[in-house]
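The sequence and structure come first.

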Amino acid sequence: MDILNRISILLGPAAMARLRNSTVMVAGCGAVGSFAIEALARSGVGRIIVLDFDRIEESNINRQLFALHTTIGQPKVEVAAARIRDINPDIDVIALDTFFDASSDIPLRPDFVIDAIDTVESKIALYKWCIKHDIAFISSMGAALKRDISQIRRGSIYHTSVCPLAAKVRRIARGENLPDFPVVYSTEPPRVAALPGRALGSIITVTGVFGLMLADGAIEYITTK
């Protein structure tokens, strides 16, 4: 049986053809990005580009799909690529073990980009790159320090509320005169204060929903454009 049969029944052959002929890049293969990648790989996207410069650590295991005791120390993009191919060997996977910043110029033009990067500077650089090359994208705001999945939303950056990361990104985006763009964010106030130099607490139920909602945004765009 075709592994995508159940999706094809739901979406139809035309939508499946669009997914099969599409390229999606996921920047950031951690807690949020790993779930977005998983959903894309199981939904018929024909080419997936994974971008991250980090290695898997033991502390990632509580919330990242690619983090296992057997993968500690390995590049996240390599583990991600291997998992994608194991899910669906027909997917063309491109792994970019690199840090994205304002100097980056990836010689690939995906149809859609999912931003699951942690740092604000890299997020803004990625937005500018997408806008420059007329590439549609969706971005993850703050999933850490949250617990209530019922308060996770998909909306536009200029209409977000509560989320401290979204507020920071919104200020910079307005200052840079960037056009509005879709994001996934939470209206739940942070459970505890974010202390300088301290790791931010997070749980897989929240980061997973963020990643799945980002992937759903990509699938919706590709199948309805």
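Helix H3 (31-41), helix H5 (120-132) and helix H6 (164-175) each contribute at least two residues to the lining of the largest pocket. The model is predicted, so local features need pLDDT of at least 70 and side-chain atom pairs count only at pLDDT 80 or more, while totals for chains, interfaces and linings use all residues. Residues are numbered from 1 along each chain as its sequence is written, and side-chain values use heavy atoms, with hydrogens and water left out.

Ile117, Asp118, Thr119, Ala144 and Leu200 lie nearest the centre of the largest pocket. The second largest pocket is lined by residues including Asp2, Arg20, Asn88 and Asp90. On a 1 Å grid over the protein atoms alone, a pocket is an open set of points where a 1.4 Å probe fits, with protein on both sides within 12 Å along at least five of seven lines; lining residues have an atom within 4 Å of a point. A volume is the space filled by probe spheres set on the points, which are joined across faces, edges and corners. In the residue classes, Ala, Val, Leu, Ile, Met, Phe, Trp, Tyr, Cys and Pro are nonpolar, Asp, Glu, Lys and Arg are charged, and the others, Gly among them, are polar.

| Pocket | Volume | Lining by class |
|---|---|---|
| Largest pocket | about 1200 Å³ | 23 nonpolar, 12 polar and 7 charged residues |
| Second largest pocket | about 180 Å³ | 3 nonpolar, 4 polar and 3 charged residues |

The protein chain has 7 helices and 7 strands. Helices (H or I, at least four residues) and strands (E, at least two) are DSSP runs, numbered from the N terminus. An open sheet of 7 strands shows mixed pairing in the order E3-E2-E1-E4-E5-E7-E6. Strand E3 (92-96) and strand E6 (152-156) are at the edges with a single partner strand each, so one side of each has no neighbour in the sheet. Strands count as paired if DSSP finds at least two bridges between them. Strand E1 (residues 23-27) pairs with strand E4 (residues 112-115) in the parallel sense over 4 bridges, and Val24 stands opposite Phe112 in E4.

Helix H4 (residues 76-87) lies across strand E2 (47-51) and E3, at about 175 degrees to E3. Axes are lines fitted to C-alpha atoms, for helices over the stretch in contact (heavy atoms within 4.5 Å); angles run from 0 to 180 degrees between N-to-C directions.

The radius of gyration of the protein chain is 17 Å, which agrees with the value near 17 Å for a compact globule with 225 residues. This radius is taken over C-alpha atoms, and the globule rule is 2.2 Å times the number of residues to the power 0.38.
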